[in-house]
Amino acid sequence: MSVKKLISALPKVELHLHIEGSLEPDLLMELADKHQINLPYSNLEQINLAYNFEDLQSFLDLYYLGASVLIDEDDFYQLMWRYLCKCKEDNVVHTEIMFDPQTHTERGIDFSVFMSGFLRALNQAEAEWGQSHHLIMSFLRHLSEESAFDTLAAANPYLEHIHAVGLDSSELGNPPGKFTRVFESAGKLGLKRVAHAGEEGPPEYIWSAINDLNVDRIDHGVRCVEDPALVDHLITHNMPLTVCPLSNIKLCVFDNMQQHNILEMLNQELLVTVNADDPSYFGGYLNDNYAAMHEALEMDEKELIKLIKNSFKASFLSQETKQHWIQQVDNISNSILYESTD
Ligand code: HPA
Ligand code: ZN
């Protein structure tokens with residue numbers, strides 16, 4: 001009982017969340033209607049049937065299709081606003097949000113359109129309840145190095161609002177090394193670096209993200225366990241892994257939640273964190289991910305608190321802010337565990 005209480009009561013951080021993957025079916029249908037876009041589904045039942053994925057690519061096909069309803073500034077505002085309201089509800093005090101410019105620029109939608117919508121929502125949430133955030137601009141790895149460079153150039157007027165660059169989309173066949181020079185340029189601009197690696201791709205892709213892209217965090221990384229030397233390296237260098245349990249089940253990385261290796265990785269002292277990835281496609285937001293782990297893996301209070309503290313440690317917050325929140329986690333969990341009689 002106290003695990004469930006702690007999941008909602010503790011302040012938390014989210015480090016791996018694609019804003020386009022938080023497009024809920026109701027907003028999807030509302031915007032399709034607004035812009036007269038034909039989708040292959042017209043009600044919730046059909047959407048639920050369609051969101052049955054066999055791998056990353058089968059999901060990405062619907063993710064890009066869904067994003068095609070995002071056209072004007074207010075669409076991007078609505079998308080971001082609804083996610084931020086969910087952060088408030090889930091007690092996610094700080095979130096590092098990925099967005100995919102090329103998903104929109106490839107359709108002729110300019111940076112000024114989506115950035116204004118995103119920033120309007122972010123500023124409003126910060127003013128209304130102090131929501132803290134960083135933005136991570138992710139490059140689509142199935143597109144060319146040249147397209148990534150064009151994206152970095154187009155982002156130039158918005159760099160003060162962008163904290164890091166990332167790498168997402170179809171992993172197999174698109175190793176991190178394809179973007180070495182882009183990440184080097186981003187680093188020179190003062191941006192932090194993260195990359196999806198070892199979700200479907202082999203441990204070599206994680207090595208490449210570390211050695212070629214100089215990343216500060218690995219997104220997913222669950223396949224690191226296949227290479228003991230890599231596990232040692234990740235532990236020694238305190239390299240964070242932003243693991244997404246519900247995502248991994250929906251995309252068949254593991255057969256079911258009981259098979260997930262996150263707690264084993266945690267107990268090996270890897271710096272693992274829990275995240276939602278694409279919550280509207282994968283069946284849950286951050287607290288739902290923790291709850292699913294509690295139910296299937298019998299995650300206990302100690303493991304939950306360690307995971308939550310790991311997320312603060314692995315974030316791009318200042319040391320001082322991290323310390324403040326970690327102290328809050330200790331204070332609140334002590335009061336709940338001390339008061340708890342069940
Ligand atoms: N993996 C890779 N690319 C993505 C994902 C993901 O889970 N979500 C959105 N783009
Ligand atoms: Zn992801």
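A polar contact is a pair of N or O atoms within 3.5 Å. With that in mind, welcome to these close-up views of a predicted model.

**View 1. Polar contacts of ligand 1.** A polar side-chain atom of His18 sits 3.3 Å from a nitrogen atom of ligand 1, a distance that falls within 3.5 Å and so meets the cut-off. Asp278 also uses its side chain, placing an N or O atom 2.7 Å from a ligand nitrogen. Ser169 takes part through its backbone instead, with an N or O atom 2.8 Å from a nitrogen atom of ligand 1. The protein covers 100% of the 260 Å² of accessible area that ligand 1 has on its own.

**View 2. The shell around ligand 1.** Here you can look for the surrounding residues, among them Leu56, Phe59, Leu60, Tyr63, Asp168, His196, Glu199, His220 and Asp277.

View 3. Zoom in on the space taken by ligand 1, and you are looking at the largest cavity.

View 4. Stepping back, the protein chain has 17 helices and eight strands. Its C-alpha trace spans about 55 × 40 × 40 Å along the principal axes.

Key:
Residues numbered from 1 in each chain as written. Chains lettered and ligands numbered in written order. Predicted model: local features only at pLDDT ≥ 70, side-chain atom pairs only at ≥ 80, totals over all residues. Heavy atoms only, no water. Near = heavy atom within 4 Å. Polar contact = N/O pair within 3.5 Å; in protein donor to acceptor, adjacent residues only side chain to side chain. Areas by Shrake-Rupley, 256 points an atom, 1.4 Å probe, with all protein chains shown as cover. 1 Å grid on protein atoms, 1.4 Å probe; cavity = no way out; pocket = protein on both sides within 12 Å on 5 of 7 lines; lining within 4 Å. Sits in = over half its atoms within 2 Å of the grid points. Helix = DSSP H or I, 4+ residues; strand = E, 2+ residues; numbered from the N terminus.
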